[in-house]
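Hi everyone, thanks for making time. Have a look at it on the screen.

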Amino acid sequence: TGQFAVITSSNFEELNYSAEIAASPLQMEFCRPIALQPKTQLLAHQEDGLKWFIDCQNVGLPGVIMADDMGLGKTLQALAFLALYREQACASQKRPILIVAPTGLLNNWLKEIDTHLIGTGLGTILKVYGAQIRALKQGRGRDTESGIPMLDTNRLSEADVVLTTYETLRDYQISFKGVRFGVTVFDEIQKAKNPKSRVRNAVAAVYSDFKIGLSGTP
């Protein structure tokens with residue numbers, strides 16, 4: 001049987017391609033996030049990384065890749081940026097946050113959020129992986145088998161944060177494509193490095209105002 005996928009276009013082979021960039025309607029300011037735990041202190045290089053995220057978002061870049069050695073706090077920098085986004089975006093600008101990570105790192109993200117952010121942190125977290133997918137299903141099978149969204153896109157749109165895996169994003173890419181995200185974080189983004197893979201296609205198909213790719217294996 002065939003597989004369905006979201007059609008994406010690429011400028012990879014366009015030698016004279018020039019991106020049109022305009023300043024983002026959301027102009028973020030650097031400060032310590034209110035949601036950051038008092039015991040969590042950003043080191044100088046982590047503040048620089050956070051400022052870089054903010055500057056790139058403000059000028060209107062579609063996204064960035066932070067390729068840094070393991071243990072230097074890429075996740076913390078991303079969380080600080082996400083917290084500022086939640087705090088500084090007005091109601092008309094604020095959209096759900098999408099975090100895509102390998103299965104083995106999902107609990108690490110939940111732990112990092114609990115460790116570094118106060119109270120509800122980034123807001124409600126909708127887990128879209130494993131057994132939790134059943135509660136979101138609107139039919140049998142996956143998007144790639146039917147060619148139609150099989151997840152409740154209203155639930156995805158209403159969540160503060162959607163946490164999922166690359167495999168789930170791949171299998172339900174039509175559902176995810178139906179949601180506009182404010183910020184998307186792709187942890188270990190090297191999982192999407194193969195331009196011919198279905199994972200890469202699903203990553204490219206995500207509709208997000210700003211994307212952050214993290215990699216300790218550049």
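By buried I mean under 20% relative accessible area, with exposed being over 50% and partly exposed in between, using a 1.4 Å probe and protein chains only. Strands (E, at least two residues) and helices (H or I, at least four) are DSSP runs, numbered from the N terminus.

Quick housekeeping. This is a predicted model, so local features need pLDDT of at least 70 and side-chain atom pairs count only at pLDDT 80 or more, while totals for chains, interfaces and linings use all residues. Residues are numbered from 1 along each chain as its sequence is written, and side-chain values use heavy atoms, leaving out hydrogens and water.

Back to S1. Which strand does S1 run parallel to? It's S6, and 5 bridges join the two; strands pair if DSSP finds at least two bridges between them. Ile 65 stands opposite Gly 213 in S6.

S6 also takes us to the inside. Ile 212 is among the residues with the most contacts inside the largest nonpolar core, along with Phe 81, Leu 82, Ile 99, Trp 109 and Leu 122, and that core has 37 residues. A nonpolar core here is a set of buried Ala, Val, Leu, Ile, Met, Phe, Trp, Tyr and Cys residues joined through side-chain atoms within 4.5 Å. Elements giving two or more residues to this core include S1, S5, S6 and helix H3 (106-116). Which helix gives the most? That's H2, with 9 residues. Apart from this core lies another one, of 23 residues, with Leu 136, Leu 156, Phe 181 and Ala 202 among them.

What does Ile 212 touch? Leaving aside residues up to four places away in sequence, it touches Phe 53, Val 64, Phe 81, Val 183, Thr 184, Val 185 and Phe 186. Touching, or contact, means heavy atoms within 4.5 Å.

Now Leu 122, which sits in the loop between H3 and S3. Buried or exposed? Leu 122 is buried, because its relative accessible area is 1%. Its contacts, again not counting residues up to four places away in sequence, include Leu 79, Leu 82, Ala 83 and Arg 86, plus Asp 160 and Val 161. Leu 122 and Glu 87 are 35 residues apart along the chain, and their C-alpha atoms are separated by 9.1 Å.

Ala 35 and Ala 83 are 48 residues apart in sequence and 6.5 Å apart in space, C-alpha to C-alpha. Ala 35 counts as buried because its relative accessible area is 11%. Compare Ala 131, in the loop between S3 and H4: that residue is partly exposed, with a relative accessible area of 48%.

On to helix H8. Its buried residues are Val 199, Asn 201, Ala 202, Val 203 and Ala 205, and what covers them includes helices H6 and H7 plus strands S5 and S6. In the loop between S5 and H8 you'll find Glu 188, which has a positive phi of about 50 degrees although it is not a glycine.

Of its 35 lining residues, Ser 9, Ser 10, Arg 200, Ala 204 and Lys 211 are the closest to its centre. H8 supplies the largest share of that lining, 5 residues.

How do we find a pocket? On a 1 Å grid over the protein atoms alone, a cavity is a set of points where a 1.4 Å probe fits but cannot get out, whereas a pocket is an open set with protein on both sides within 12 Å along at least five of seven lines; lining residues have an atom within 4 Å of a point. Grid points are joined across faces, edges and corners, and the volume is the space filled by probe spheres set on the points.

The second largest pocket holds about 270 Å³ of space. In its lining, the largest share, 3 residues, comes from S5.
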